[in-house]
Amino acid sequence: MTQVTDFHIPLPENDEETFGKFGIKENAYLVIQTGSGKHFRNENNIRHWPVEYYEELIEKIRKINPSIPIIQIGEAYHKTVKNTDINLLGKTSFREMLTILKGARLLISQEGGLPILRHFISRKPSCVIFGPTDKNFMGFDENSNLNTNNCEGGCEWIFDNWYKTCIKTGKNSGCTKHTLPEKVIEFTRDTIEFE
């Protein structure tokens, strides 16, 4: 199977309007995104990287680079991560979200639509946490595509409740929960430190 590698998404010509509206500067902030589509928003979704991990990650980022703003984007129904500098859940248009996504120094997200969109609009790095989805198929070369050593993924859609129950353990404890914030820091430190 071949991966899609080229696709054009038109963006507004004047990014500065969006950056000004939200008080940010291009390539001077990080973006996090915690959710997935409505179909997968169940709290028992093994694809979700826990909100507590995002909060722990933010604490670690602040120790490395306390001045870099951290923005949360996504839908209004996504869980809020404490201690972000700007919470834009449900507060942007689709085009504004794309501009913010394109302008970020780094996106940190579980696998899903936003890392894919970011690839096609900017080719800038993302740190993507994979669970049952196969990182070798859905990951892109510019990204840190992370999963745990005890699970290589590739088991999505094998059975109906693949996003609620781990096929390996039969439990609701997804492989994303085994990717700890320290691993994300390990793979993103250079991007976070950069001034």
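## A tour of salt bridges and a cavity

Counting by the within 4 Å rule for side-chain nitrogen and carboxyl oxygen, you get 5 salt bridges here. Keep in mind as you click around that this is a predicted model. We'll visit some of those bridges, then move on to a cavity.

**Stop 1: Lys 21 and Glu 96.** Select these two and show their side chains. They form a salt bridge, and the closest N and O atoms sit 2.8 Å apart. Now colour the helices: Lys 21 belongs to helix α1 (residues 15-22) and Glu 96 to helix α3 (residues 94-103), so this pair ties together parts that are 75 residues apart in sequence. Lys 21 is exposed, because its relative accessible area of 54% is over the 50% cut-off. Glu 96, on the other hand, is buried, with a relative accessible area of 14%.

**Stop 2: Lys 60 and Glu 56.** Next, go to helix α2, which covers residues 51-64. Pick Lys 60 and Glu 56, whose side chains meet in a salt bridge at 4.0 Å, N to O. These two are 4 residues apart in the helix, so about one helical turn separates them. As for the surface, Lys 60 is partly exposed at 24% relative accessible area, and Glu 56 is partly exposed as well, at 30%.

Stop 3: Leave Lys 60 selected and bring in Glu 182. Here is another salt bridge, with the closest N and O atoms 3.4 Å apart. This pair links distant parts of the chain: Lys 60 is in helix α2, while Glu 182 is in helix α6 (residues 181-193), 122 residues away. Glu 182 counts as partly exposed, at 40% relative accessibility. Show all three side chains together and you have one network, in which salt bridges with shared partners join Glu 56, Lys 60 and Glu 182.

**Stop 4: the largest cavity.** The structure holds 2 cavities of 30 Å³ or more, and the largest has a volume of about 60 Å³. To find the largest one, select its lining:

- Glu 111, Gly 112, Pro 115 and Ile 116 are among the lining residues.
- Val 128 and Phe 130 also line the cavity.
- Met 138, Gly 139, Phe 140, Asn 143 and Asn 145 line it too.

What does that lining divide into, by residue class? Colour by type and check: there are 6 nonpolar residues, 4 polar and 1 charged.

Notes. Residues are numbered from 1 along each chain as its sequence is written. This is a predicted model: local features need pLDDT of at least 70, side-chain atom pairs count only at pLDDT 80 or more; totals for chains, interfaces and linings use all residues. Side-chain values use heavy atoms; hydrogens and water are left out. On a 1 Å grid over the protein atoms alone, a cavity is a set of points where a 1.4 Å probe fits but cannot get out, and a pocket is an open set with protein on both sides within 12 Å along at least five of seven lines; lining residues have an atom within 4 Å of a point. Grid points are joined across faces, edges and corners, and a volume is the space filled by probe spheres set on the points. Ala, Val, Leu, Ile, Met, Phe, Trp, Tyr, Cys and Pro count as nonpolar, Asp, Glu, Lys and Arg as charged, and the others, Gly among them, as polar. Buried means under 20% relative accessible area, exposed over 50%, partly exposed in between (1.4 Å probe, protein chains only).
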